Amino acid sequence: MHLNARQVRAFTLIELLVVIAIIALLAAILFPVFARAREKSRQTTCTSNLRQIGLAMDQYLMDYDSTYPCITSDPYLWQGEHFRWPIMPYLAIGQRKVSGSFSSTGGPDTAAILHCPSDPSPNFDNTSYAYCAAFFHTPGQLAQITAANLSPDLYDLGPVPVPFPLPPVPQNEAAVVYPAQKILVGEWTDNHDALNVGSWWSVQDAQRNYLLADGHVKYLWASTLLRAQGTGPGYADGFADPNVTPGGLGGIDTQ
């Protein structure tokens, strides 16, 4: 009797295989859900980062007669590890730029504000290429750009009709005509939807956060940006790049 009772309580091989199959099925269903939840959390952190960058921009504008931060000697100011320097004091970041380079001294402090947690590129002094600014070029500069003289990288073209890289020019807040529709800063190297690496101009089916000139942040498909559907002077051959929006700060990037 004792052996029979033990045999009744034991699992058969078939029962074990069924249990393993059920666990595998649940894992296949739940793991993507967990991955999406994790990415949503990162996207929310990224949204918060851009809002704080927007507040820093507002404080900078108040201190500098409504003129956006600009370093005229730096043609790559739009990149994440360049445009950060003028606004870092307004983000309570204690880094100091090393003369002649884009490295820093001092502790990282809150520099994570300048780094999207979904950005796969290496950190640069606790910042990254994830965020890029788009308010350094005048309408006159942008009017010289056509699809014929653009490559996928506006700033690494080689011999073209217009001299590149374009030198940055200080821009005034008064030049913004549609503040709720003009992108100032946006994600560049990351993609919260498909978790793919890509840039503004290489991945149209990407969802990213964008900081608009009025200070609010939108989460948008790259393909919905108005320039991404345009052609002719001032458009980057259909690519979604706010750096070449026709009219500059007076242009429109999104509805």
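Author: The largest nonpolar core has 34 residues. A nonpolar core here is a set of buried Ala, Val, Leu, Ile, Met, Phe, Trp, Tyr and Cys residues joined through side-chain atoms within 4.5 Å. Buried means under 20% relative accessible area, with a 1.4 Å probe and protein chains only; exposed is over 50%, and partly exposed lies in between. I53, Y68, F83, Y131, F135, F136 and V185 touch the most other members.

This is a predicted model: local features need pLDDT of at least 70, side-chain atom pairs count only at pLDDT 80 or more, and totals for chains, interfaces and linings use all residues. Residues are numbered from 1 along each chain as its sequence is written, and side-chain values use heavy atoms, leaving out hydrogens and water.

Helix 2 (13-63), helix 3 (80-87), strand 3 (131-133) and strand 4 (183-187) each supply at least two residues. Helix 2 gives the largest share, 6 residues. Helices (H or I, at least four residues) and strands (E, at least two) are DSSP runs, numbered from the N terminus.

Now look at I53. Leaving aside residues up to four places away in sequence, I53 touches I87, L91, I113, L114, Y131, V185 and L211. Contact means heavy atoms within 4.5 Å.

A second core sits separately. It has 6 residues, including Y210, L220, A222 and L225.

From the N terminus they run α-α-α-β-β-β-α-β-β-β. Of the 255 residues, 43% count as buried.
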